[in-house]
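Me: I am new to this structure and would like to learn how to read it. Could we go through it one feature at a time?

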Amino acid sequence: MSEHLRTEWYARSRLVYASLGVVGVVATITMMTMGGALRGDDGPPEPDGMDEHAARYVCEGFVRGRLDAPDTADFQRPDVTPLGDGRWRVEGTVASENGLGALLRSSYSCLVRDDGDGEAHLMDLELTD
């Protein structure tokens with residue numbers, strides 16, 4: 001292969017590989033975006049109002065704030081009930097370590113409210129061992 005053909009071949013192959021890389025990045029971003037939209041998002045509540053998932057997330061945050069070792073919290077799937085007027089009742093159980101490292105299971109009942117200001121307000125929280 002002549003030097004000119006070899007140089008042209010390398011230039012074309014680099015262009016092909018660069019194009020494949022760009023297509024791969026675009027495809028990955030598209031799949032991540034569509035995957036999040038299709039499966040639903042368990043992330044923090046959106047400012048335009050709470051739904052069942054947001055109410056659960058917010059309540060679990062308030063419960064974590066009351067635990068001795070919040071990083072060890074293992075929440076079971078709670079019951080989430082809409083009460084109207086932006087209020088949600090979340091009831092469930094959580095297993096977490098106490099100050100001595102023993103695993104405790106606690107029940108909780110949480111009442112949260114969304115006033116439409118993008119903030120979740122705790123109205124009531126009961127945490128029992």
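Me: Let's start with contacts: which residues does Val94 touch, not counting residues up to four places away in sequence?

Reply: The general idea is that a contact means heavy atoms within 4.5 Å. In this structure, Val94 touches Val63, Leu67, Ala73, Asp74, Phe75, Leu104, Arg105, Ser106 and Tyr108, leaving aside residues up to four places away in sequence. Before we go on, a word on the source: this is a predicted model, where local features need pLDDT of at least 70 and side-chain atom pairs count only at pLDDT 80 or more, while totals for chains, interfaces and linings use all residues. Residues are numbered from 1 along each chain as its sequence is written, and side-chain values use heavy atoms, with hydrogens and water left out.

Me: What is the mean pLDDT of the chain?

Reply: pLDDT is the predictor's confidence in each residue, from 0 to 100. Here the chain has a mean of 78, and 64% of its residues reach 70 or more. To read the elements, take helices (H or I, at least four residues) and strands (E, at least two) as DSSP runs, numbered from the N terminus.

Me: How many residues does the largest nonpolar core have?

Reply: A nonpolar core is a set of buried Ala, Val, Leu, Ile, Met, Phe, Trp, Tyr and Cys residues joined through side-chain atoms within 4.5 Å. Buried means under 20% relative accessible area, exposed over 50%, and partly exposed in between (1.4 Å probe, protein chains only). The largest core here has 17 residues, and Val94 is among those with the most contacts inside it, as are Val63 and Tyr108. Helix 2, strand 3 and strand 4 each supply at least two residues of this core. Its largest share, five residues, comes from helix 2.

Me: Is Ser96 buried or exposed?

Reply: Ser96 lies in strand 3 (residues 87-97) and is buried, at a relative accessible area of 5%.

Me: Which strands does strand 4 pair with?

Reply: Two strands pair if DSSP finds at least two bridges between them. Strand 4 runs antiparallel to strand 3, joined by 11 bridges, and it pairs with strand 5 (residues 120-128) in the antiparallel sense over eight bridges. Leu111 is the bridge partner of Arg89 and stands opposite Asp124 in strand 5.

Me: Which cysteines form a disulfide?

Reply: A disulfide is a pair of cysteine sulfur atoms within 2.5 Å. Cys59 and Cys110 form one, with their sulfur atoms 2.5 Å apart. The pair links distant parts of the chain, Cys59 being in helix 2 (residues 52-64) and Cys110 in strand 4 (residues 103-114), 51 residues apart. Both cysteines are buried.

Me: And how many aromatic pairs are there?

Reply: Rings of Phe, Tyr and Trp (its six-membered ring) pair if their centres lie within 6.5 Å; planes under 30 degrees apart count as stacked, over 60 as edge-to-face and the rest as tilted. By this rule there is one pair. The ring centres of Phe75 and Tyr108 are 5.8 Å apart and their planes are at 85 degrees, so the pair is edge-to-face.
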